[in-house]
Amino acid sequence: MINLIKHVDIVVSHEDCWTSHMPFTAYTINLEVYPHKNYLRSRILIDSMENKVISNLMKTHRSVIKVMKVDRFKGGTYVDFLNKYKGSIAGVLYDKEVLILGNLIEGKDEKWSFVTSSKNLREILTEIESLGKVKRVETTDFNPILYPNLTGWEKKVLTVSYSYGYLDYPRRATADELAELLGISKVTFLYHLRNAQRKLIAFFIKNILA
């Protein structure tokens, strides 16, 4: 049987975006979209502590509307900013109602991972190609049965918790720090983390230990 749902990994060089001028690796940890206002609110972590370089780059690029905050965090830099919705790859993906799994900026390229139907994939790739040079596309069948059903926020909270040592013993970051990083309250952070942990443990018990 043909699987109509695809997991897509794509690498794009997007010359009109701030990402094409970012000399450091950056991870998107939260993305809020406001199509009717033509902007995105992005929160990213950058693997560099050169705050002035990063701040100048973000504030002067034409795709960035406003830099809300630039701060150091655990050996890197945290940036909260607004950038244009129209003409962004995130905008294309949200317009096509795909499930975005992750976004990484590395080597001045954007790397996106998302899930969509096979019938929409060609149209999505065509729109992305109109914005930048597509360097690589990898597609695999997506089988949701193989994965616990985590929400977008559960994935974000779990990823940040793991990456910044909240799950280590002793902990290398506090719930307050990570909640602030994600722009949510401590209570909300812990709520999503505990839900994610419960789902993962239940999945492990049912599918691995059974």
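Figure 1. Tyr 39 is buried, at 18% relative accessibility, where buried means under 20% relative accessible area, exposed means over 50% and partly exposed is in between (1.4 Å probe, protein chains only). Tyr 34 is partly exposed, at 26% relative accessibility. This view, like the others, comes from a predicted model, in which local features need pLDDT of at least 70 and side-chain atom pairs count only at pLDDT 80 or more, while totals for chains, interfaces and linings use all residues. Residues are numbered from 1 along each chain as its sequence is written, and side-chain values use heavy atoms, with hydrogens and water left out. A search of the whole structure gives 4 aromatic pairs. Rings of Phe, Tyr and Trp (its six-membered ring) pair if their centres lie within 6.5 Å, and planes under 30 degrees apart count as stacked, over 60 as edge-to-face and the rest as tilted. Tyr 34 and Tyr 39 form a tilted pair, with 5.0 Å from centre to centre and 40 degrees between the planes.

**Figure 2. Charges over rings.** Here, look for a charged side chain and the face of a ring. The charged end of Lys 156 sits over the ring of Trp 153, 4.7 Å from its centre. Arg 171 lies over the face of Tyr 166, at 4.1 Å from the ring centre. A charge sits over a ring if NZ of Lys or CZ of Arg is within 6 Å of the ring centre and within 35 degrees of the ring normal.

Figure 3. Side chains of opposite charge can pair when their charged atoms come close. A salt bridge is a side-chain nitrogen of Lys or Arg within 4 Å of a carboxyl oxygen of Asp or Glu, and the structure holds 15 of them. Glu 32 and Arg 43 meet in one, at 3.0 Å from N to O. Glu 32 belongs to strand β2 (residues 26-34) and Arg 43 to strand β3 (residues 39-46), so the pair ties together parts that are 11 residues apart in sequence. Helices (H or I, at least four residues) and strands (E, at least two) are DSSP runs, numbered from the N terminus. Is Arg 43 buried or exposed? Arg 43 counts as buried, at 5% relative accessibility, whereas Glu 32 is partly exposed, with a relative accessible area of 23%. Arg 43 also forms a salt bridge with Asp 80, the closest N and O atoms being 3.7 Å apart. This pair links distant parts of the chain, with Asp 80 in strand β5 (residues 76-84) and Arg 43 in strand β3, 37 residues apart. Asp 80 is buried, with a relative accessible area of 5%. Glu 32, Arg 41, Arg 43 and Asp 80 are linked in a network of salt bridges.

**Figure 4. The largest nonpolar core.** A nonpolar core is a set of buried Ala, Val, Leu, Ile, Met, Phe, Trp, Tyr and Cys residues joined through side-chain atoms within 4.5 Å. The largest one has 21 residues, and those with the most contacts inside it are Leu 178, Leu 181 and Phe 189. Two or more residues come from each of α4 (152-163), α5 (175-182) and α6 (186-209), and α5 gives the largest share, 5 residues. Domain 1 (5-141) and domain 2 (152-209) both give residues to this core, so it lies between them; the domain bounds come from an automatic or database domain assignment. Apart from this core lies another, of 17 residues, including Leu 40, Ile 89, Trp 112 and Ile 124.

Figure 5. Contact means heavy atoms within 4.5 Å. Not counting residues up to four places away in sequence, Leu 181 touches Ile 29, Arg 43, Leu 45, Phe 73, Tyr 78 and Val 160. His 192 is found in helix α6 and is buried, with a relative accessible area of 14%. Leaving aside neighbours within four places in sequence, His 192 is in contact with Trp 153, Glu 154 and Val 157.

**Figure 6. Arg 172 in its loop.** Which helices does the loop with Arg 172 lie between? This loop runs between α4 and α5. Arg 172 is partly exposed, at 48% relative accessibility. Leaving aside neighbours within four places in sequence, Arg 172 is in contact with Lys 74, Ser 163, Tyr 164 and Gly 165.
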